[in-house]
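Try each task yourself before you read its solution.

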Amino acid sequence: MRIDVLTLFPEILSGALPHSILGRAEREKRVEFHLHQLRDYALDKHRIVDDRPYGGGPGMVLKCEPLVRAIESIQALGEPAHVVFMTPGGVRLNQAIARKFSEKKRILLICGHYEGIDQRVIEGWVDEEISIGDYVLSNGAVAALVVIDATVRLLPGVLGNEESAGNDSFSEGDLEGPQYTRPEEFQGRKVPEILLGGDHGKIREWRAQRGREKTKLIRPDLL
Ligand code: ADE
């Protein structure tokens, strides 16, 4: 898979992408990351990419020309990318959307800043608007990193068996149940007896039940 990101702050991503599972996935050539500086596509010598909103109001809006020049240049670098604009006004990211992205050959994530981007870019050049949650970040690059992580870990071969995504929270609808590791007793708190017994059928059932209880309690909307 190829992931392109268009942003005013590529350093936010270049600092994070080489590490852990994302870094390993890229080194093993399961994914390619390409970061693009939006200012490189500005038309003037001051490299201006934003302007005041028509109709007034606070903040600045990313202008059409640099964005469209960038998107079209980036699109020309490979096969057509699915274009995603990161915005708190988008559809909220979930595991199904991450899975859908992981099945695409190429995605282009556009990161907003300031008050947003000119609506005409969204209408003409964007396939989908995605939010990572109901809060406002100062920078879409942080949101893009979340989308990249959730997507790349689902690519074939990225997680080993040990790390498998199969029993993650959300993969079956419920949250994941609790996990324990050694020691068997820590400051008076014991590991549940059932996990020490080795009956894997019973353990699976117990974990599913604990996951369901947790889901009922804190995320009833998932049921
Ligand atoms: N940009 C700012 N806030 C965001 C959010 N919650 N999701 C996606 N992009 C954003």
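A residue is near a molecule or strand if one of its heavy atoms lies within 4 Å of it. The model is a predicted one, in which local features need pLDDT of at least 70 and side-chain atom pairs count only at pLDDT 80 or more, while totals for chains, interfaces and linings use all residues. Residues are numbered from 1 along each chain as its sequence is written, and side-chain values use heavy atoms, with hydrogens and water left out.

**Exercise 1. The ligand shell**

Task: List the residues around the ligand and sort them into nonpolar, polar and charged.

Solution. Step one is to collect the shell: M86, T87, P88, I130, S131, I132, G133, Y135, V136, L137 and A143.

**Exercise 2. Nitrogen atoms and the backbone**

Task: Find which backbone atoms lie at polar-contact distance from a nitrogen atom of the ligand, then see how much of the ligand is buried and which elements contribute to its shell.

Solution. Start with the cut-off: a polar contact is a pair of N or O atoms within 3.5 Å; within protein, one must be able to donate a hydrogen and the other to accept it, and residues adjacent in sequence count only if both atoms are side-chain atoms. A polar backbone atom of Y135 is 2.8 Å from a ligand nitrogen. For a backbone N or O atom of L137 the distance to a nitrogen atom of the ligand is 2.9 Å, and for a polar backbone atom of G133 it is 3.2 Å. Next comes the area: the ligand taken alone exposes 260 Å², of which the protein buries 95%. These accessible areas come from the Shrake-Rupley method with a 1.4 Å probe; for residues, only the protein chains shown count as cover. Last, β5 (82–92) and β8 (128–131) are the elements that give two or more residues to the shell, and β5 gives the most, with three. Helices (H or I, at least four residues) and strands (E, at least two) are DSSP runs, numbered from the N terminus.

**Exercise 3. Two shell residues**

Task: Are A143 and S131 buried or exposed?

Solution. Recall the classes first: buried means under 20% relative accessible area, exposed over 50%, and partly exposed in between (1.4 Å probe, protein chains only). A143, in helix α6 (residues 140–152), has a relative accessible area of 7% and is therefore buried. Contact means heavy atoms within 4.5 Å; leaving aside neighbours within four places in sequence, A143 touches M86, I132 and L137. Its C-alpha atom is 6.1 Å from that of I132, eleven residues away along the chain. S131 belongs to strand β8 and, at 1% relative accessibility, is buried too. Beyond four places in sequence, S131 is in contact with T87, P88, G90, V91, R92 and L93.

**Exercise 4. Two aspartates, two arginines**

Solution. Take D134, in the loop between β8 and α6. D134 counts as exposed because its relative accessibility is 64%, and its side chain has a polar contact of 3.1 Å with that of R92. Then take D174, in the loop between α6 and β9 (185–186). D174 counts as buried because its relative accessibility is 16%, and its side chain joins that of R212 in a polar contact of 2.8 Å.

**Exercise 5. Backbone and whole chain**

Task: Pick out the backbone features, then step back to the domains.

Solution. A cis peptide bond joins R182 and P183, with omega about 5°. K29, which is not a glycine, has a positive phi of about 60°; K29 is exposed, at 74% relative accessible area. R47, also not a glycine, has a positive phi of about 55° and is partly exposed at 35%. For the domains, an automatic or database assignment gives domain 1 (2–152) and domain 2 (167–222). Their centres, taken over C-alpha atoms, are 37 Å apart. The chain has seven helices and ten strands, and 40% of its 223 residues count as buried.
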